[in-house]
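Please keep the structure open while reading.

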Amino acid sequence: MSLTSDFTKGIWKENPVLVLLLGMCPTLGVTSNAVNGLGMGVATLFVLIGSNIVISILKNVIPKKIRIPCYIVVIATFVTIVKNLMDAYAPAAINEALGLFIPLIVVNCIVLGRAEAFAAKNSIIRSIADALGMGIGFTLTLVALGASREFLCNGSLFDIHIITAWNTPFLLMIFAPGAFIILGIFLAIMNKLERHSAIKNGRIYTAPEHLSCSACRICDMNNIE
Amino acid sequence: MKETIRLTAALTIICMIATVLLTYVNDLTKEPIAKAQALQKAKALKQILPPFDNNPFDDAITLKTSDGEFKILPGKQNNKIISVVISGYTMQGFSGKIEAMVGFDKNQNITNIIITKHAETPGLGTKVCNRKEQKTLNSLFSNKKITGIVPNKFLDQFNGRNLVTLTNKDKIKFDAISGATVSSKAVVDAVSRIATEYLKYINKIGDVK
């Protein structure tokens, strides 16, 4: 695979939210408006790049059998350092917008998932491309989800009221049920599109082989390359 | 057995390196973080107090309670107290603690309320707590800017109310924001707790003149 496909696969073909279904907690939790989605996405993007670089450098040092606890320690340390440095030195406006989301990322399974599935097996450059693609894919999805929910709730986008006469908020959309409903609709559209293009090319639509559950080797101690 | 020891050692070393790094960064950033937070609080204070020439945090009286603290911050001019800000909290928010600052003028009437910390639902509870400009497409292009404190319909309804009318929270009259009844009631609770604490200590800080 080339660098370009390492980068682009995160945006559409292996989109972390809509295809891999990783990081559901922040996806459902923070997307009550577009600004929050953007903040969470950008914060995750930076942490993902950092953690992919660190894991990729350390991949030969960490013993394979205890790699997952090691990754968790490395990622949690990295995120905590970033949080402290941001609190201390970042301009107040940036800290206000992103600071809230940084602690949420410590246990985000996108970061751990990419460390395990990609950074631990590939070079630094390819890991950075992967992190950029996954981070941007995550950000775009969260912004789209947040924007839909925000607009359906009170007719605004990015805190700007588009429809000024919309006085009664549609509360369902801003609470958890709305998140599930909109995410379900997004997943349905994604699958429909994929299926449509598969049928058009004369194939039967199945989940990509390396992403299906039977191909998962994350917890398999015997299958350590 | 040998492998167990090897793996344990590896994990121990990695955790120790992480600990050392974290300790170092924590020490390095402790002071700048405290400074940044103090700056933010001072900014909030400037918004609600009339001009003062002392550092209210130096003259503060802190009242510790079981789960937080109230602070009485007098604003002085030429060594005379001209107004007082009380910072306090309530635990009855929709998602826990709400911290507020309430400014009182020399007649013990409320000048302004700001919420300094909360975790209310974005889009609902935030309507009660945030002093954020309501943007529309029109306002985006007309380029009008609000100077000073941004109005908030809910918080501003308390302006001018006297201290003694606020101590009993069941008797405070207010218009709640629809869809955010819990947050509205929580802010009222915070204001009344602040008023109650202030009334207890009002004689100790000297007459407000």
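Predicted model: local features only at pLDDT ≥ 70, side-chain atom pairs only at ≥ 80, totals over all residues.

Residues are numbered from 1 along each chain as its sequence is written, chains are lettered from A and ligands numbered from 1 in the order in which they are written, and side-chain values use heavy atoms, with hydrogens and water left out.

**Thr141(A)**
- Thr141(A) belongs to helix 8 of chain A, residues 124-154 (a DSSP run of H or I, at least four residues, numbered from the N terminus).
- Its relative accessible area is 5%, so Thr141(A) is buried (under 20%, 1.4 Å probe, protein chains only).
- Leaving aside residues up to four places away in sequence, Thr141(A) touches Asn15(A), Val17(A) and Leu18(A) (heavy atoms within 4.5 Å).

**Domains of chain B**
- Chain B has domain 1 (1-48) and domain 2 (50-201), with bounds from an automatic or database domain assignment.
- Their C-alpha centres are 33 Å apart.
- Seven residues of domain 1 of chain B and 13 residues of domain 2 of chain B take part in the contact.
- Between domain 1 and domain 2 of chain B there are zero salt bridges (a side-chain nitrogen of Lys or Arg within 4 Å of a carboxyl oxygen of Asp or Glu).

Key:
Helix = DSSP H or I, 4+ residues; strand = E, 2+ residues; numbered from the N terminus. Buried < 20%, exposed > 50% of the residue type's maximum accessible area, 1.4 Å probe, protein only.
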